[in-house]
Amino acid sequence: MASTEMPNVSPAPTKEDSQGPKSLPAADIAVLVVYFLLILAVGLWSMWKTKRSTVNGYFLAGKNMTWWPVGTSLFASNVGSGHFIGLAGSGAAAGIGPVAYEWNGMLMVLVLGWFFLPIYIASGVTTMPEYLQRRFGGKRIQIFIAILYLFIYIFTKISVDMYAGAVFIQQALGWDIYLAVVLLLVITAFYTVAGGLAAVIYTDAAQTLVMLMGALTLMGFSFTEVGGWQAVFDRYSSAIPSIRPPNTTCGIPREDAFHLFRDPLTSDLPWPGVLLGMSIPSMWYWCSDQVIVQRSLAAKNLLHAKGGSLLAAYLKVLPFFMMLLPGMISRILYPDEVACADPEECKKVCGNSVSCSDIAYAKLVMELLPSGLRGLMMAVLLAALMSSLTSIFNSSSTLFTMDLWRHMRRASEWELMIVGRVFVLVLVVVSVLWIPLVQASQGGQLFIYIQSISIYLQPPVSVVFLMGCFWKRTNEKGAFWGLVLGLLVGLVRMILDFIYPVPQCYETDSRPDVIKYVHYLYFSIILSLFTLTVVVCISLTPIYKSCVLQISRLTWFARLDPVQRSEADKEAAFHIPDPGTHETEKSSVNIEECPKENFFPPLFFVLDFNTLNTKMYL
């Protein structure tokens, strides 16, 4: 899942790096050139092949994708460059435990295909906030969720993946990191802006093939160098750096490094939290995150959408072999660098006094692979970076255009197309400006920050989607206040975690008991139960009930209801009223037949750009 996709250190140039910019061998350059030509060719072909002049064609690829590009795009969107660096680094530091995130994702992507997608497809929505608007009425949940998603994308996913890829390029070429970032963003934004979701999905398919080829090749070299699986099992426990603080556990591998289910009280990943607490944020990522669900909604029908989910689930087996195990091997081969424990030594190796485990994958690439294959691996990480960024760019522009801009003003379809493209460029600028803050997040703070986003912000959203889809009594009041109160509780815990960070191995743990003994995965369970209680209690209040048209084709048990709309209203999500008339946007929900409070919630402001008036619905 997303929470394993982030580096917590920033490898700094070594002495050799500091001598000046490097030059790649001709074979590596040739591989990179072929890669970029291949991706540009696929992008241009998909732009020509797909109708991009409509909202449907641009944002959902015309709803004409077959199962294999959907499945590969799901996998490529999940596996960014930070995934390679972060998961390999986690394997080097903690053993096989972090793969639980990946295998949990295997289950959740199947839950998406078999349980959530039938509801989303029956409802005919374009975005996840739009589904909440149709299910509950009103606009405050839709706008609230859209803004929350955009913040998560901009300040975690985009910046982290971008920075991870740029750091690898900096290590390989000695380029200035901003030059690398700008170059990558310009290429990525080009075919996202020009081609829409079709270009993203087809280039994802090509880049998935490149990723698998390169990563599996490095895995083969790694196992050959270390001596096979048994050697990994035998030698990992002795991969201890030569310099480390005395009388501490610093630098010593965990005794449970080869355990997937670990002690429920003292371990880093307690098994009850892995089974329950990890599943709630994972459900958000795979079943209600716009980046993921949008790929499945582009399928030509439900059968192909399920096939894409099944293919993605099979592909999720691979990160254990092509990312996590190579990270463990890197620690065995280079313990003084990858497993450094002395703060001064770590500072010399990677520029971070806490840990250098996240250089594990880059270390293997630069040390083991011959010329040519090294270029292939650079192409792999570029493929992972660009796949992740294009997915986020396209989904973010969809959220902004369909869930925010349409509510600000009555826009023509052409205007929405322009706004979607311009917003991608805005994302590029904001992401580049965020880079200095990413660089400053040393000492594991970036890792802690992204974990907090996952654990403290996602469970309330997951519960609201789960209850909205599978309990017809859930109403707007219950969903909204469950979401708000759940997020407030999560934010309180997140602030406490920043105030009382996890101590290092040579420090005494003096944190308050509520922080020290309540693992973040256990807190995920507590937060989910709290949100569930709020949603259920308020929804059971007799005066707040969902009307019939907020349930029909919008919940699991009503997904097969006959369509109660006219032919002109079948694509309500894509119907844009003419700004020159008084035509109103069509919807599957009849306002006159539904409670007014569901549509005009109290104390909610809407800025009407057509009249430049601010309206407050009481």
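Residues are numbered from 1 along each chain as its sequence is written. Because the model is predicted, local features need pLDDT of at least 70, side-chain atom pairs count only at pLDDT 80 or more, and totals for chains, interfaces and linings use all residues, while side-chain values use heavy atoms, without hydrogens or water.

**Stop 1: H11.** Select residues 279-287, helix H11. Helices here are DSSP runs (H or I, at least four residues), numbered from the N terminus. Nine of the nine residues are buried, so H11 is largely enclosed by the rest of the structure. Buried means under 20% relative accessible area (1.4 Å probe, protein chains only). Among them are Trp 284, Tyr 285 and Trp 286.

**Stop 2: Ser 462.** Now pick Ser 462, in helix H20 (residues 445-470). Ser 462 is buried, with a relative accessible area of 3%. Leaving aside its neighbours within four places in sequence, Ser 462 is in contact (heavy atoms within 4.5 Å) with Ile 280, Met 283 and Trp 284.

**Stop 3: H13.** Select residues 302-315. Then find Asn 301, which caps the N-terminal end of H13. A side-chain oxygen of Asn 301 lies 3.2 Å from the backbone nitrogen of Leu 303. Buried residues in H13 include His 304, Gly 308 and Leu 315.

**Stop 4: H14 and H17.** Show residues 318-333 and 360-368 together. The axes (lines fitted to C-alpha atoms, over the stretch in contact) come within 8 Å and cross at roughly 70°. That makes H14 roughly perpendicular to H17 (65 to 115 degrees, between N-to-C directions). Residues making the contact include Met 322 and Pro 326 of H14, and Tyr 361 and Leu 364 of H17.

How values were computed: Axes fitted to C-alpha atoms, helices over the stretch in contact; angles between N-to-C directions. Helix = DSSP H or I, 4+ residues; strand = E, 2+ residues; numbered from the N terminus. Parallel < 35°, antiparallel > 145°, perpendicular 65-115°, else oblique. Buried < 20%, exposed > 50% of the residue type's maximum accessible area, 1.4 Å probe, protein only. Expected span 1.5 Å × (residues − 1). Polar contact = N/O pair within 3.5 Å; in protein donor to acceptor, adjacent residues only side chain to side chain.
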